Amino acid sequence: AAKSSRPHVAVLASPGLGHVVPLLEFAKRLVINHGVHVRFLVITTNEASAAQEKLLRSLPDGLDVVDLPPVDVSAVTRDDMPVITRLHAIVDESLKSSLKAVLIELCNPRALVIDLFCTQAFEICSQLSIPTYSFVTTSIHFFAFALYLPTLDREVQGEFFDLPEPIEIPGCPPVRPEDLLDQVRNRKIDEYNLFLLHISRLPLAAGIFLNPWENLELVPLRAIREHSFYLQIPTPPIYPIGPLIKQDETLSASDEECLAWLGKQPSDSVIFVAPGSGGTLTAEQVIEMAWGLEQSKQRFIWVVRMPSDASASATFFNVGSDVNDPQAYLPEGFLQRTHGMGMVVPSWAPQVEILRHSSTGGFLSHCGWNSSLESICHGVPMIAWPLYAEQKMNAAMLTEETRGGRKASNRIGKESDRTGRDREGSEVGDGE
Ligand code: UDP
């Protein structure tokens with residue numbers, strides 16, 4: 001009875017840990033800091049993601065996971081579909097079959113919060129008079145570009161990649177065509193049109209939550225606020241609430257083993273190599289990475305996945321449940337030769353605990369936005385290896401705006417819990 005007297009909100013994330021992680025964190029803060037009762041709606045299919053299941057365990061009282069009735073997506077998806085095309089098909093299948101009924105069953109929550117790719121919910125919620133908010137799970141730089149995309153779509157002929165000059169986004173740093181996200185690479189295919197469709201629906205939001213790091217993104221934030229044409233009229237209110245990063249992890253026995261090994265290494269000595277939740281390397285890249293790590297003679301923790309020559313995001317929908325035997329694809333003898341110097345972790349490592357640890361000295365990252373924020377907040381310098389989606393834009397922004405990931409971490413490293421660590425360099429955001 002006590003629970004039912006609290007305001008009650010629903011949160012819905014599209015598939016992919018890069019969406020689920022920050023929305024779950026947002027839900028936790030609503031519960032813990034604001035006394036809200038949250039139902040976290042999960043899209044479930046015939047495909048499992050063990051990493052996601054682990055994430056959804058051990059939640060605070062007042063945060064309930066509600067699985068939407070599972071949908072069989074085998075008829076509408078294929079492994080070789082581009083990420084957003086496949087994600088759209090899954091979300092569509094799930095929401096059209098059950099979202100309205102589930103919201104009614106939950107006695108119409110006071111609001112629904114969704115990410116950028118669940119915009120089918122706007123229409124369903126408007127029928128039920130439930131205000132729907134968007135939560136942007138990536139940078140404001142990227143968000144400003146995305147908001148401006150419908151205008152670019154009207155004004156630019158041909159492919160954006162063929163433009164001879166960087167693309168001007170009002171009030172924002174220009175975007176080099178080569179850094180553009182995969183989804184706008186080919187304007188003739190569904191992937192582009194579906195991306196544009198979801199972005200074009202943003203003005204329907206009752207409000208938009210952004211997840212920036214402090215003052216790193218003041219320029220695009222000001223641009224969005226000052227140029228009302230970004231969102232058309234009426235402009236939904238914008239709430240920059242970041243940095244919102246994962247705080248706690250549920251640790252498995254192998255996570256504990258990995259952290260115990262890390263605990264025995266000298267301060268700042270270990271490089272953490274991880275490709276986010278969906279990232280995969282080609283067979284050749286895996287071999288090169290292995291040789292590089294071995295010959296560098298540096299300590300490392302490396303999250304490895306079965307290589308894929310077809311896609312750089314091969315585990316996007318099933319991470320943790322992916323088939324993965326490192327012996328099958330790492331160079332012969334690599335595990336034996338690097339024993340003691342490095343830790344090879346199949347599929348999934350406790351990333352936030354590793355970044356928070358004083359033995360970790362660097363992060364070779366794919367530059368997903370959550371990983372970038374986690375690294376900045378824990379004062380770990382990054383080496384950027386963007387793989388897919390908007391990661392090249394993130395890498396370019398982090399490198400240019402902070403003039404090196406290393407600089408980004410300096411100031412924060414001193415302010416964070418990593419006492420005793422003194423890094424050289426100047427602060428981020430000077431001039432802003
Ligand atoms: N993550 C993790 N362990 C891993 C790989 C990823 O805990 O081995 C977490 C990471 O901490 C982050 C999220 O998964 O919170 C990945 O989100 P990000 O936006 O960085 O990348 P994406 O999932 O979009 O590739």
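Predicted model: local features only at pLDDT ≥ 70, side-chain atom pairs only at ≥ 80, totals over all residues.

Residues are numbered from 1 along each chain as its sequence is written.

**The sheet**

Helices (H or I, at least four residues) and strands (E, at least two) are DSSP runs, numbered from the N terminus. Two strands pair if DSSP finds at least two bridges between them. Strands of a sheet pair through backbone hydrogen bonds, either parallel or antiparallel.

Here, seven strands form an open sheet with parallel pairing. Their order is β3-β2-β1-β4-β5-β6-β7. β3 (63-67) and β7 (238-240) stand at the edges, and each has a single partner strand, so one side of each is left without a neighbour in the sheet. From one strand to the next, the twist averages 25°. That angle is taken between N-to-C directions, on a scale from 0 to 180 degrees, with axes as lines fitted to C-alpha atoms.

| Pair | Bridges | Facing residues |
|---|---|---|
| β1 and β2 (residues 37-42) | six | His8 and His37 |
| β4 (residues 112-114) and β5 (residues 132-135) | three | Leu112 and Thr132 |

How much of β1 is buried? Five of its six residues are, so β1 is largely enclosed by the rest of the structure. A residue is buried if 20 or more other C-beta atoms lie within 10 Å of its own, exposed if 12 or fewer, and partly exposed in between; C-beta atoms are placed from the backbone.

**Helix α4**

α4 covers residues 120-127. Gln120, Ala121 and Cys125 are buried in it. They cover an arc of only 115° around the axis, which puts them on the same side of α4. The arc is that of the directions from the helix axis to the C-beta atoms. Ser126 and Gln127, on the other side of α4, are exposed. After α4 comes Ser129, with a positive phi near 55°.

**The ligand shell**

Around the ligand are 19 residues. Gly18, Gly276, Ser277, Gly368 and Ser371 come nearest. A residue is near a molecule if its C-beta atom, placed from the backbone, lies within 6 Å of it. α1 (17-34), α11 (351-356) and α12 (369-377) each supply at least two shell residues. α12 gives the most, with four.
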